[in-house]
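Let's take a walk through a protein model together.

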Amino acid sequence: MAISSSSSFFVIALFLSLLVISTNATAKFEELFHPYWAADHFSFDGDAVNMKLDNFSGAGFSSKSKYMFGKVNVQIKLVEGDSAGTVTAFYMSSDGPKHHEFDFEFLGNTTGEPYIVQTNVYVNGVGNREQRLNLWFDPTKDFHTYSILWNQRQVVFLVDETPIRVHTNLEHKGIPFPRDQAMGVYSSIWNADDWATQGGRVKTDWTHAPFVASYRAFEIDGCECPVTTTQSDNAKRCANSGGWWDQPVMSELNLHQSHQLIWVRANHMIYDYCSDTGRFPSVPVECEHHRH
């Protein structure tokens with residue numbers, strides 16, 4: 001029994017070290033990213049980067065490189081006060097009409113109402129996989145870490161290392177999985193008052209502008225894909241890179257994380273496309289096979 005307990009402790013310790021410590025040291029914004037939209041809507045405050053939305057423009061930044069598999073972390077403090085109509089997004093995406101994409105979208109709300117976090121997954125250009133939840137803290141009062149873990153077995157969305165969504169590789173069921181296209185890392189803030197808050201019923205109040213989202217603690221640890229290398233060669237190299245993200249212990253959630261995901265779904269989820277019979281009279285095929 002002592003050997004079994006010791007072995008279990010070692011496995012758990014290994015998993016935690018891989019998950020938390022394996023990422024690169026925190027980088028400065030300019031080492032990994034650059035503005036790609038409205039550079040004049042950026043400001044810098046020590047290690048923090050601020051992006052603003054006003055009635056002239058939103059703003060966005062993108063990673064300088066693209067990656068295939070790995071983990072991306074960023075700490076974000078969302079727009080304070082009346083943020084209705086605004087959307088702050090943090091996501092990964094490849095290019096083209098058949099692109100893959102993993103989205104965090106933070107939907108603003110009127111003062112005192114909770115932010116809604118919407119996640120979505122696109123595979124080969126097809127999305128419509130939205131889930132929405134309320135967070136268990138106020139994301140406007142302090143920085144919190146939002147992460148995307150991507151390997152050949154799963155895509156995991158995490159908030160302060162708590163998994164809130166898992167999209168599992170079900171290729172053996174004939175369901176496509178995103179593992180053949182390099183993806184950039186992006187964030188943006190924009191006006192989406194035609195849909196973002198209460199289905200578009202609450203519009204952006206521009207008297208509260210500018211709306212500011214702040215970022216810090218940028219980390220990307222993944223298989224970097226040179227633009228001079230073909231997509232197929234990058235896919236082959238990254239699939240066989242032996243990165244920590246593809247170790248067997250990372251192929252699925254551990255027991256503690258599974259319990260965390262169950263708790264999130266039970267207490268904070270407010271919408272799941274899998275349960276929306278109005279949009280999907282027939283249950284989407286991937287919904288029949290895995291928790292995500």
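Is Glu-105 buried or exposed? With a relative accessible area of 13%, Glu-105 is buried, because anything under 20% falls into that class. Keep in mind as you read that this is a predicted model.

## Two glutamates from the record

Why pick Glu-105 to begin with? UniProt, in an unreviewed entry, lists Glu-101 and Glu-105 under "active site". You'll find Glu-101 in strand β7, which covers residues 101-107, and Glu-105 sits in strand β7 as well. Glu-101 is buried too, at 14% relative accessible area.

Glu-101 is in contact with Tyr-91, Met-92, Ser-93, Asn-120, Val-121, Tyr-122 and Met-183. Its side chain also makes a polar contact with the side chain of His-99, at 2.9 Å. The contacts of Glu-105 include Val-87, Thr-88 and Ala-89, along with Ile-116, Val-117 and Gln-118, plus Trp-190 and Trp-195.

## The nonpolar cores

Next, the greasy parts. The largest nonpolar core has 62 residues, and the members touching the most others are Phe-90, Phe-102, Phe-104, Tyr-146, Trp-150 and Phe-218. Strand β14 (residues 211-225) supplies the largest share of this core, seven residues. Another core lies apart from it, made of five residues, including Leu-107, Ile-116, Ala-192 and Ala-196.

## Aromatic rings

How many aromatic pairs does a search of the whole structure find? There are 23. Take Phe-29 and Phe-33: this pair is stacked, with 5.9 Å from centre to centre and 20° between the planes. Why call it stacked? Because 20° between the planes is under the 30 degrees that the label asks for. Phe-29 is buried, at 5% relative accessible area, and so is Phe-33, at 4%.

These two also belong to one aromatic cluster, together with Phe-42, Phe-44, Phe-61, Tyr-215 and Phe-218.

## Gln-152 in its loop

Time for a loop. Gln-152 is in the one between β10 (144-150) and β11 (154-159), and at 19% relative accessibility it counts as buried, since the cut-off is under 20%.

What does Gln-152 touch, not counting residues up to four places away in sequence? Its partners are Phe-69, Asn-169, Phe-177, Arg-179, Ala-239 and Asp-246. With two of them you can trace the polar details: the side chain of Gln-152 reaches the backbone oxygen of Ala-239 at 3.0 Å, and it makes a polar contact with the side chain of Asp-246, also listed at 3.0 Å. Cys-238 is 86 residues away from Gln-152 in sequence, yet their C-alpha atoms are 9.8 Å apart in space.

Most residues other than glycine have a negative phi, and most peptide bonds are trans. Here are some exceptions. A cis peptide bond joins Ala-209 and Pro-210, with omega about 0°. Pro-210 lies in the loop between β13 (184-191) and β14.

Then look at phi. Ala-38 has a positive value near 55°; this residue is in the loop between β1 (33-37) and β2 (42-45) and is buried at 18% relative accessibility. Glu-161 has a positive phi near 70° and sits in the loop between β11 and β12 (162-168). Glu-161 is partly exposed, with a relative accessible area of 24%.

Definitions and conventions. Residues numbered from 1 in each chain as written. Predicted model: local features only at pLDDT ≥ 70, side-chain atom pairs only at ≥ 80, totals over all residues. Heavy atoms only, no water. Core = buried A, V, L, I, M, F, W, Y, C linked by side-chain atoms within 4.5 Å. Buried < 20%, exposed > 50% of the residue type's maximum accessible area, 1.4 Å probe, protein only. Helix = DSSP H or I, 4+ residues; strand = E, 2+ residues; numbered from the N terminus. Phe/Tyr/Trp six-rings, centres within 6.5 Å; stacked < 30°, edge-to-face > 60°. Contact = heavy atoms within 4.5 Å. Polar contact = N/O pair within 3.5 Å; in protein donor to acceptor, adjacent residues only side chain to side chain. UniProt positions renumbered as here; feature names shortened; annotations may be inferred.
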